[in-house]
Amino acid sequence: MMKKFVAMLLALSMVLALAGCGSSSDGGSSSDGAASSSGTADASAAEESEADAQTESEADSESQAEAEGSASEATAEDTKSEGVMTYAEYIAADVDTQVVIETYVQAKQSWWEDQATVYTQDYDGAYFLYNMTCSEEDYEKLTVGTKIKVTGYKSEWSGEVEIIDATFEIEEGSYIAEPLDVTDLLGTDELIDHQNEYVSFTGMTVEDSGDGAAFLYSWDGSGSDGDDLYFNVSLNGETYTFTVESYLCDNTTDVYAAVTNLQVGDVIDMEGFLYWYEGVNPHITSVTVQ
């Protein structure tokens, strides 16, 4: 009887021990689950960080590609066609030799009997096309910015370098030059390097052009309304003669009216084309009184 009782106690103890082991096992499973959850979160964060890095890398590559594309486009715009001179080659060419250039219309001065006179410029310098062969229909197509290929002869007249006896063809492309401020170059040898370019002058003073007048009709005052306007302006004690070319800007234009209303002593800013005649003689297209 006593043996049965002892046996029962031993069996009960074993059951309780097994129950305790089961409880410990459950607790272990709970701890393993937390570790597994933490590992999943870390992996997700790493994947997200890697994705962000990849996105940034792609964005950088795209920006670099855009920059390279813009640079390539700018280079392509500046590239001359086969057989066409660069501006440097044009400048180096002898007078009276044939030249072939690509350039862009900046202003039209006149058309008469199938001949056009046009101010043009590329990215490196400017070209004055004098009496170029041109039909009236084609003259209308020569809007500001139009790209043209010109074949003619380099010439010089009283210091003005120009292209004469020229023909042209219109090409794809467009460029409009911004005025280059050459005020500080007045009176220097460097100024002529910008001959025929679209330029600006600032802070110049209107001087007496004769008998107290701020301007003259024609170079000697013998003209009348509608003729070229000549006026003197000074900077740092030096006086220069500027012109409103009536074929380029006639008496219906704002600049023509502005010059005829100038007073000696006015301080003015100007824009125009750096024409040359026995020295600098800009053809002015805009005048503003300060």
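Select Thr 117 to start: setting aside neighbours within four places in sequence, Thr 117 is in contact (heavy atoms within 4.5 Å) with Lys 108, Gln 109, Ser 110, Phe 128, Leu 129, Tyr 130 and Asn 131. Thr 117 belongs to strand 2, where strands (E, at least two residues) and helices (H or I, at least four) are DSSP runs numbered from the N terminus. With a relative accessible area of 2%, Thr 117 is buried; buried means under 20%, exposed over 50% and partly exposed in between, with a 1.4 Å probe and protein chains only.

The model is predicted, with local features requiring pLDDT of at least 70 and side-chain atom pairs counted only at pLDDT 80 or more, while totals for chains, interfaces and linings use all residues. Residues are numbered from 1 along each chain as its sequence is written, and side-chain values use heavy atoms, without hydrogens or water.

**Whole chain**

Show the whole protein chain as a cartoon: it has 4 helices and 12 strands. Of its 290 residues, 34% are buried. Among contacts between residues at least 6 apart in sequence, 57% join residues at least 24 apart. The accessible surface of the chain is about 16700 Å², and carbon and sulfur atoms hold 50% of that surface; the areas come from the Shrake-Rupley method with a 1.4 Å probe, and for residues only the protein chains shown count as cover.

**Aromatic rings**

Next, display the side chains of Phe, Tyr and Trp. Two rings (the six-membered one for Trp) pair if their centres lie within 6.5 Å; planes under 30 degrees apart are stacked, over 60 edge-to-face, and the rest tilted. The count by this rule is 14 aromatic pairs. One of them is Tyr 123 with Tyr 175, a stacked pair with 4.3 Å centre to centre and 25° between the planes. Tyr 123 is in the loop between strand 2 (115-121) and strand 3 (126-133), and Tyr 175 is in the loop between strand 5 (160-174) and strand 6 (180-181), so this pair ties together parts that are 52 residues apart in sequence. Tyr 123 is partly exposed, at a relative accessible area of 30%, whereas Tyr 175 is buried, at 19%.

Move to Phe 231 and Phe 242. Their ring centres are 6.2 Å apart and their planes stand at 75°, so the pair is edge-to-face. Phe 231 is in strand 9 (residues 229-235) and Phe 242 in strand 10 (residues 238-244), so the parts tied together here are 11 residues apart in sequence. Both Phe 231 and Phe 242 are buried.

Then select Tyr 119, Phe 128, Tyr 198, Phe 273 and Tyr 275, which form one aromatic cluster. Phe 128 is also among the contacts of Thr 117.

**Lysines over rings**

A charge sits over a ring if NZ of Lys or CZ of Arg is within 6 Å of the ring centre and within 35 degrees of the ring normal. Select Lys 108 with Tyr 139: Lys 108 lies over the face of the ring, 4.2 Å from its centre. Lys 108 is another contact of Thr 117. For a second case, select Lys 154 and Tyr 90, where the charged end of Lys 154 is over the ring, 5.1 Å from its centre.

Which strands pair with strand 7 (residues 198-207)? Two strands pair if DSSP finds at least two bridges between them.

- Strand 6 runs parallel to strand 7, with 2 bridges joining them; Leu 180 stands opposite Val 199 in strand 7.
- Strand 11 (residues 267-273) runs antiparallel to strand 7, with 6 bridges; Thr 205 has Val 267 in strand 11 as its bridge partner.
- Strand 9 is antiparallel to strand 7, with 3 bridges; Glu 207 stands opposite Asn 232 in strand 9.

**Positive phi**

Most residues other than glycine have a negative phi. Select Asp 165, in strand 5: its phi is positive, near 50°. Asp 165 is exposed, at 57% relative accessibility.

Select Ser 218 next, in the loop between strand 8 (216-217) and strand 9. Ser 218 is not a glycine either, yet has a positive phi of about 75°. At 18% relative accessibility, Ser 218 counts as buried.

Finish in the loop between strand 8 and strand 9 with Ser 222, which is exposed, with a relative accessible area of 55%. The side chain of Ser 222 makes a polar contact with the side chain of Asp 220, at 2.6 Å. A polar contact is a pair of N or O atoms within 3.5 Å; within protein, one must be able to donate a hydrogen and the other to accept it, and residues adjacent in sequence count only if both atoms are side-chain atoms.
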